[in-house]
Amino acid sequence: MKKTSIIAAATLFLSSLAATAAVEDGGVKVSDVRTERHGDLLSVSMEILLSGLDVEPNRAVLLTPRLVNGADTLSLPPVAVYGRKRYYYYKRNFGEYMLSGSENETSFLSRNCPEAVPYAQVVPYADWFGGADLVLDRSDYGCCRALLAHTLEGIGTVTFRDEFFPSLVYLHPAPEAEKRRQLEGRSYVDFPVDQTVIYPDYRNNLKELAVIRATIDTVRNDPDARIDTVWLKGFASPESPYAHNTDLAKGRTEALKRYINNMYNFTGVEILTDYEPENWEGLRRFVEGSNLAHRQEILALIDSDMEPDPKEWKIKMTYPEDYRFMLTEYYPALRRTDYRVSYVVRSYSDPAEILRIMRTTPQHLSLEEFYLAASRLEPGSEEFTEVYETAVRLFPLDETANLNAANAAMRRGDNAAAERYLEKAGQTPEAFYARGALKIRQGDMQAARSFLQAARQAGIEQATTTLQEMEQRGM
């Protein structure tokens with residue numbers, strides 16, 4: 001059964017600023033300033049233009065946006081531009097904290113400084129924000145942290161107007177009965193001519209075998225994961241008779257299986273094997289991306305219905321120069337082993353643990369677990385948005401993941417991102433409702449009513465409430 005949760009945000013307070021034109025302070029310009037209140041959060045965004053700023057090698061400029069209302073002050077994360085000498089001095093002595101002492105400082109070396117810095121921050125709302133001045137605090141420093149100059153440039157005064165923000169409906173994802181994951185890779189273990197025995201010290205085999213072991217060890221050493229299957233598929237190149245290549249591909253894959261068994265002595269892990277006697281698909285990709293003199297003719301032969309041996313002989317005899325090049329440059333890469341390590345991950349129910357896993361091995365999480373973590377966070381906060389954006393990156397085609405990510409983006413005021421996510425949110429009642437909510441935010445009330453009516457007819461109760469609120473507001 002589908003479950004939904006409704007996060008109410010019936011009223012959005014948008015701010016307007018007294019100063020709307022760009023403000024300039026000694027080569028620094030600020031434009032496109034915007035603040036919005038979303039319930040208990042305030043977002044501040046602007047564009048800081050630095051193209052006119054010239055910082056000498058032994059100087060540094062610290063730019064700190066601040067909200068000021070009488071004795072109340074809130075400093076937002078700073079932006080700093082360093083001359084060459086100052087930059088390396090602070091980097092060497094203070095690391096990520098640099099001049100401001102804040103781990104949230106955005107730092108640039110003067111010669112690599114962008115012309116424009118998009119600036120956006122979200123902070124918990126305080127009652128004194130209404131009527132506060134938004135200012136840009138600029139401090140110029142020399143060596144030994146000597147303050148050379150200090151200015152405060154007003155950007156505007158924050159005022160609010162009441163604007164409708166519909167409640168959002170999040171969809172509770174269905175739980176995974178068993179969380180099955182897999183790691184895939186490709187290895188080029190080399191064999192002496194016509195042999196099917198692995199020699200670890202032969203050519204580059206130490207490195208290639210280490211790649212496979214590293215993939216297996218990544219899962220094997222994870223206390224939350226249990227390997228249940230290892231799958232191997234060996235490929236041979238087409239230059240020998242097909243029957244012989246079949247024996248080579250099959251035998252070499254079995255040799256790798258024995259190597260893995262001997263290395264790990266698995267219990268309860270099934271090692272499955274497959275093989276491709278001649279890797280024509282791989283050869284076709286190489287030829288298609290090549291500049292071979294007879295590229296099109298060779299592609300036509302590869303795509304033909306000829307049997308493998310006559311096909312390979314025809315290419316060799318008809319286009320000998322191209323064939324010699326392919327034999328040297330392409331064929332070695334066709335002899336490979338694809339592998340896949342399949343494993344099961346335990347479930348998580350503690351939101352704090354889920355957030356920790358999200359930052360280390362997010363692929364271990366299910367959509368439901370992302371949802372459980374987000375449900376304990378402040379809607380619209382940076383962490384709340386991060387949870388749903390991480391979920392949709394891991395499940396980019398999942399309709400529920402895209403719906404919830406769209407709602408999170410809308411909650412943060414990022415309507416463009418919300419629209420992108422909703423394109424993949426499907427045709428569920430919740431998706432209709434979300435599209436209606438987005439249209440309200442975009443000011444298209446006719447389209448909003450159409451989507452909301454469809455959501456109401458499909459059983460979304462919140463759609464009725466939102467339509468009534470629109471009616472009461474004369475929207």
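This is a predicted model: local features need pLDDT of at least 70, side-chain atom pairs count only at pLDDT 80 or more; totals for chains, interfaces and linings use all residues.
Residues are numbered from 1 along each chain as its sequence is written. Local features need pLDDT of at least 70 and side-chain atom pairs count only at pLDDT 80 or more, while totals for chains, interfaces and linings use all residues; side-chain values use heavy atoms, with hydrogens and water left out.

**Stop 1: the largest pocket**

Select Ser43, Ala120, Gln121, Val122 and Arg412. About 530 Å³ of space lies in the largest pocket, and of its 20 lining residues these five are the closest to its centre: Ser43, Ala120, Gln121, Val122 and Arg412. A pocket is an open set of points on a 1 Å grid over the protein atoms alone, with protein on both sides within 12 Å along at least five of seven lines, and lining residues have an atom within 4 Å of a point. Grid points are joined across faces, edges and corners, and a volume is the space filled by probe spheres set on the points.

Next, colour strand E4 (28-38), strand E5 (41-49), strand E10 (116-124) and helix H11 (382-394), each of which supplies at least two residues of this lining. Helices (H or I, at least four residues) and strands (E, at least two) are DSSP runs, numbered from the N terminus. H11 gives the most to the lining of the largest pocket, with six residues. By class, this lining has five nonpolar, seven polar and eight charged residues. Here Ala, Val, Leu, Ile, Met, Phe, Trp, Tyr, Cys and Pro count as nonpolar, Asp, Glu, Lys and Arg as charged, and the others, Gly among them, as polar.

**Stop 2: H11 and H12**

Axes are lines fitted to C-alpha atoms, for helices over the stretch in contact, and angles run from 0 to 180 degrees between N-to-C directions; an angle over 145 degrees counts as roughly antiparallel. The crossing of H11 and H12 is left-handed (the near helix is turned anticlockwise from the far one by less than a right angle).

Show Phe384, Thr385, Tyr388, Ala391 and Val392 of H11 with Ala401, Asn402, Asn404, Ala405 and Ala408 of H12, which make the contact (heavy atoms within 4.5 Å). This contact has seven nonpolar, three polar and no charged residues.

**Stop 3: the second largest pocket**

Move to Asp190, Phe191, Glu239, Arg252 and Arg335, which lie nearest the centre of the second largest pocket among its 20 lining residues. About 430 Å³ of space lies in this pocket. H3 supplies the largest share of its lining, three residues.

**Stop 4: the largest cavity**

A cavity is a set of grid points where a 1.4 Å probe fits but cannot get out. The structure holds two cavities of 30 Å³ or more, and about 110 Å³ of space lies in the largest. H3 (242-264) and strand E15 (225-235) each supply at least two lining residues, with H3 giving the most, four residues.

**Stop 5: H15 and H16**

Finish with helix H15 (residues 445-457) and helix H16 (residues 461-472), whose axes lie 9 Å apart at an angle of about 150°. H15 and H16 are therefore roughly antiparallel, and their crossing is left-handed.

Note on methods:
Angles under 35 degrees count as roughly parallel, over 145 as roughly antiparallel, 65 to 115 as roughly perpendicular and the rest as oblique.
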